[in-house]
Amino acid sequence: KDRKLGLRRGKKRAEKLRGLNWEKSRMVFHVGSQLLALALKHSGIIRSRPCPRLSTLIELTPKAQERLPEIIEKHRWLITPRWRPMVVPPRPWNGSGSGWYLHETGHTLVKPCAWARTADYSKADLTKVCEAVNAIQETPWRINREIRSLLATAWERKSPEAAIPAFPPPILPPRLPKKTTPKKEYRRRLRERTNCRREAREVAREAIRMELRLSLAADYEPFEEIYNPWNGDRRGRLYSIPQIVQPQADDKGRALIEFAHAKPLGERGAWWLAVYLANLYGEEKGSFDARVRWVREHQDAILDSARRPLDGSGFWLKAKKQWRFLQGAQQWRGYCEQGP
């Protein structure tokens, strides 16, 4: 009798879940928390521990950190971003609730803010805003094949070390017995272990970002045009929806893309390219003319970086923004060899 009652209740719950809108229901949080609890208990890959700034911190276990290269190699296909660039122009925004990808995703032109009251934009005139966002997201990009190849080679070689994330994670020093160890030494070891854990987390994050960056760039390399859908926030700031490889990404992510349609540089463009190169190297405090002079003075080293980036003198490795400087150095090399 109890078994039959349990089966009937189970069927009713299953029917209720079957018709549930998972995107709008809070049930998704409950299911997610249960899955996370099961992963913490049984996977052996992640663990939770108290953290001063957060109630709980979830991190890779030391064994999982040691096996990170193997995990990344075997399960590379698991590392994928939720939103990816498009290979056709995005649908134009024509109001607060339509635009972006070809299929509806439930997102809006103005992202909701967690800490501020959501404004009603349905009656607002968003014509100019939509025109601006559409102009940005309809600009085609492409993968910079030379930079992608160099970055992949450097990551495979794990060299030059100055231009790629550290790998593998540092080894956690053993715990010292509290009773027999002097207080100062015991505290020093605790600090070492804390710093080592922090560094290991950062190494793991950077390794995953690197694999994600390279796999995404390899996927889109065959396309001559790629597009990033954009939207904004309540302050009027605009953001690319796809991450990792896009115009607002970090140094490596931005160096991996270039405009799809090239234009002649021109003498004035070459002058601005020299200013840009000096800025990326860290020489941004002088006047524009001083920056152009700096590029002329270091032209041989810049050209060496462009021609032999991995086996040359390594001038670009001392730049503030290394990979974008290398990308700019390649353009400067083109200007020196082909003219404006």
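The model is predicted: local features need pLDDT of at least 70, side-chain atom pairs count only at pLDDT 80 or more, and totals for chains, interfaces and linings use all residues. Residues are numbered from 1 along each chain as its sequence is written, and side-chain values use heavy atoms, with hydrogens and water left out.

**Overall form**

- The protein chain has 12 helices and eight strands; helices (H or I, at least four residues) and strands (E, at least two) are DSSP runs numbered from the N terminus.
- The radius of gyration of the protein chain is 26 Å, well over the 20 Å that the globule rule gives for 340 residues, so the chain is more spread out than a compact globule. This radius is taken over C-alpha atoms, and the rule is 2.2 Å times the number of residues to the power 0.38.
- Along the principal axes, the C-alpha atoms of the protein chain fill a box of roughly 90 × 70 × 35 Å.
- Of the 340 residues, 36% count as buried; buried means under 20% relative accessible area, exposed over 50%, and partly exposed in between (1.4 Å probe, protein chains only).

**Surface patches**

- Patches are made of residues with over 30% relative accessible area and no salt bridge, with like charges joined within 9 Å and nonpolar side chains (Val, Leu, Ile, Met, Phe, Trp, Tyr) within 5 Å. A salt bridge is a side-chain nitrogen of Lys or Arg within 4 Å of a carboxyl oxygen of Asp or Glu.
- K4, R8, R9, K12, R13 and K16 form a positive surface patch. K4 belongs to helix 1 (residues 2-18) and is exposed, with a relative accessible area of 59%.
- L17, M27, V31, L35 and L38 make a nonpolar surface patch of about 410 Å². Helix 2 (residues 27-42) supplies the largest share of the nonpolar patch, four residues.
- L38 lies in helix 2 and is partly exposed, at 47% relative accessible area.

**Loops and backbone**

- K158 is in the loop between helix 6 and helix 7. Its phi is near 60 degrees, a positive value in a residue other than glycine, and K158 is partly exposed at 31% relative accessibility.
- The peptide bond from S159 to P160 is cis, with omega near 0 degrees; P160 lies in the loop between helix 6 (145-157) and helix 7 (183-220).
- I244, in the loop between strand 7 (238-240) and helix 8 (251-255), has a positive phi of about 70 degrees although it is not a glycine.
- A319 sits in the loop between helix 11 (299-307) and helix 12 (322-338) and is buried, with a relative accessible area of 7%. A319 and N279 are 40 residues apart in sequence and 9.3 Å apart in space, C-alpha to C-alpha.

Notes
Accessible areas come from the Shrake-Rupley method with a 1.4 Å probe; for residues, only the protein chains shown count as cover. Lys and Arg count as positive and Asp and Glu as negative; His and the chain ends are not counted. The place of a charge is taken as NZ of Lys, CZ of Arg, CG of Asp or CD of Glu.
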